[in-house]
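Work through the exercises below with the sequence and the model side by side. Each task is followed by a solution in steps.

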Amino acid sequence: EEDEIILSHIFASAFLNFVFPFEEMERFLDFDRRVTPEKRKRVMKFYKECVQRHLYAFGKQKHFSSKNPAFSAKIQSLFETFPDARIVCLVRTPLEAVPSALSFMSFCMRSFNSDVGKEATDRIRENIAHWYTYPLEKLPEYPEASWVIEEYRNLIKDPAGTVKRLYGHFGFEVSGEYLEVLAQEMKEEKKYKSEHHYCLDSFGLMEEKVLSEYAPIFKQFAFSTCTEANCK
């Protein structure tokens, strides 16, 4: 999970922005477009070699699965490095995704800096918007068999059904043993209650602004524009 962190070893990780919030480091937040082709090739070569070592240690014939929100800025680079890659892009309503990402990224920045003011918050929002929209714009440029855009609410509502559907799209078989794991996950999901509650107002961000900035997203995925009346 979060392979982006391993790129810190070569000083090319987007997460280093939390430690060094300078313009020179911001380019890694917009990897495909702002990092030079030569630099991208070197970074991705390092990452590919890390994956190869992982597979050598844990099973050469296995499929390497990785959850990486930060790789949202690397769609082109991933397909250039791994032509047979398969990408699942989970889309969550911006009314939940934006404050959740703001909370996480603000916490990380405060861990290394004394304050996260309006300027830093605005910069974070811009980066979140790019990571959210770039995969939706870029993935359709590649064969449909290599990617899927899936709604997060479907995964939460029916994790087993969603996983089986994704496996089918990519031509993978679901073993009986894994079906049992998915069935157990369904039971656990019904009992799970998240303790995280995010409020847009706590970041000085009004719901109307998010609804306006992500209007095409709300329309494309038919996301509800309603939220809780009170946020405490």
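The model is predicted: local features need pLDDT of at least 70, side-chain atom pairs count only at pLDDT 80 or more, and totals for chains, interfaces and linings use all residues. Residues are numbered from 1 along each chain as its sequence is written, and side-chain values use heavy atoms, with hydrogens and water left out.

**Exercise 1. The whole chain**

Task: State how many helices and strands the protein has, and in what pattern they follow along the sequence.

Solution. 
- Step 1. Helices are DSSP runs of H or I with at least four residues, strands are runs of E with at least two, and both are numbered from the N terminus. On these terms the protein has 11 helices and two strands.
- Step 2. Along the sequence, the pattern reads α-α-α-α-β-α-α-β-α-α-α-α-α.
- Step 3. Of the 232 residues, 39% are buried. Buried means under 20% relative accessible area, exposed over 50%, and partly exposed in between (1.4 Å probe, protein chains only).
- Step 4. The accessible surface of the protein is about 14700 Å², and carbon and sulfur atoms hold 53% of that area. Areas come from the Shrake-Rupley method with a 1.4 Å probe; for residues, only the protein chains shown count as cover.
- Step 5. A contact means heavy atoms within 4.5 Å. Among contacts with a separation of 6 or more, 66% join residues 24 or more positions apart.

**Exercise 2. The faces of helix 3**

Task: Find which residues of helix 3 are buried and which are exposed on its other side.

Solution. 
- Step 1. Helix 3 covers residues 37-58, 22 residues in total, and reaches 31 Å from its first C-alpha to its last, close to the expected 32 Å. The expected span is 1.5 Å times one less than the number of residues.
- Step 2. Lys 39, Arg 40, Val 43, Met 44, Tyr 47, Cys 50 and Val 51 are buried. Seen down the helix axis, these residues fall within an arc of 115°, so they line one face of helix 3. The arc is taken from the directions from the axis to the C-beta atoms.
- Step 3. An α-helix has 3.6 residues a turn, so residues three or four places apart point the same way.
- Step 4. The exposed residues on the other side are Pro 37, Glu 38, Lys 41, Arg 42, Lys 45, Arg 53 and Tyr 56.
- Step 5. Helix 2 and helix 4 (75-81) are included in what covers the buried residues. After helix 3 comes Gly 59, with a positive phi near 140°.

**Exercise 3. The strand pair**

Task: Say in which sense strand 1 and strand 2 pair, and which residues of strand 1 lie on its covered face.

Solution. 
- Step 1. Two strands pair if DSSP finds at least two bridges between them. Strand 1 and strand 2 (residues 147-151) have five bridges and run in the parallel sense.
- Step 2. In strand 1 (residues 87-91), Ile 87, Cys 89 and Val 91 form the covered face, while Val 88 and Leu 90 form the uncovered one.
- Step 3. Leu 90 has Glu 150 of strand 2 opposite.

**Exercise 4. Salt bridges across the sequence**

Task: Identify which parts of the chain are tied together by Arg 123 and Glu 26, and which by Glu 213 and Arg 125.

Solution. 
- Step 1. A salt bridge is a side-chain nitrogen of Lys or Arg within 4 Å of a carboxyl oxygen of Asp or Glu. The structure holds 13 of them.
- Step 2. Arg 123 and Glu 26 form one, at 2.8 Å from N to O. Arg 123 belongs to helix 6 (residues 118-138) and Glu 26 to helix 1 (residues 23-26), so the pair ties together parts 97 residues apart in sequence.
- Step 3. Arg 123 is partly exposed because its relative accessibility is 23%; Glu 26, at 16%, counts as buried.
- Step 4. Glu 213 and Arg 125 form another, at 2.5 Å from N to O. This pair links helix 10 (residues 207-213), which holds Glu 213, to helix 6, which holds Arg 125, 88 residues apart.
- Step 5. Glu 213 is partly exposed at 43%, and Arg 125 is buried at 16%. A network of salt bridges links Arg 125, Lys 209 and Glu 213.
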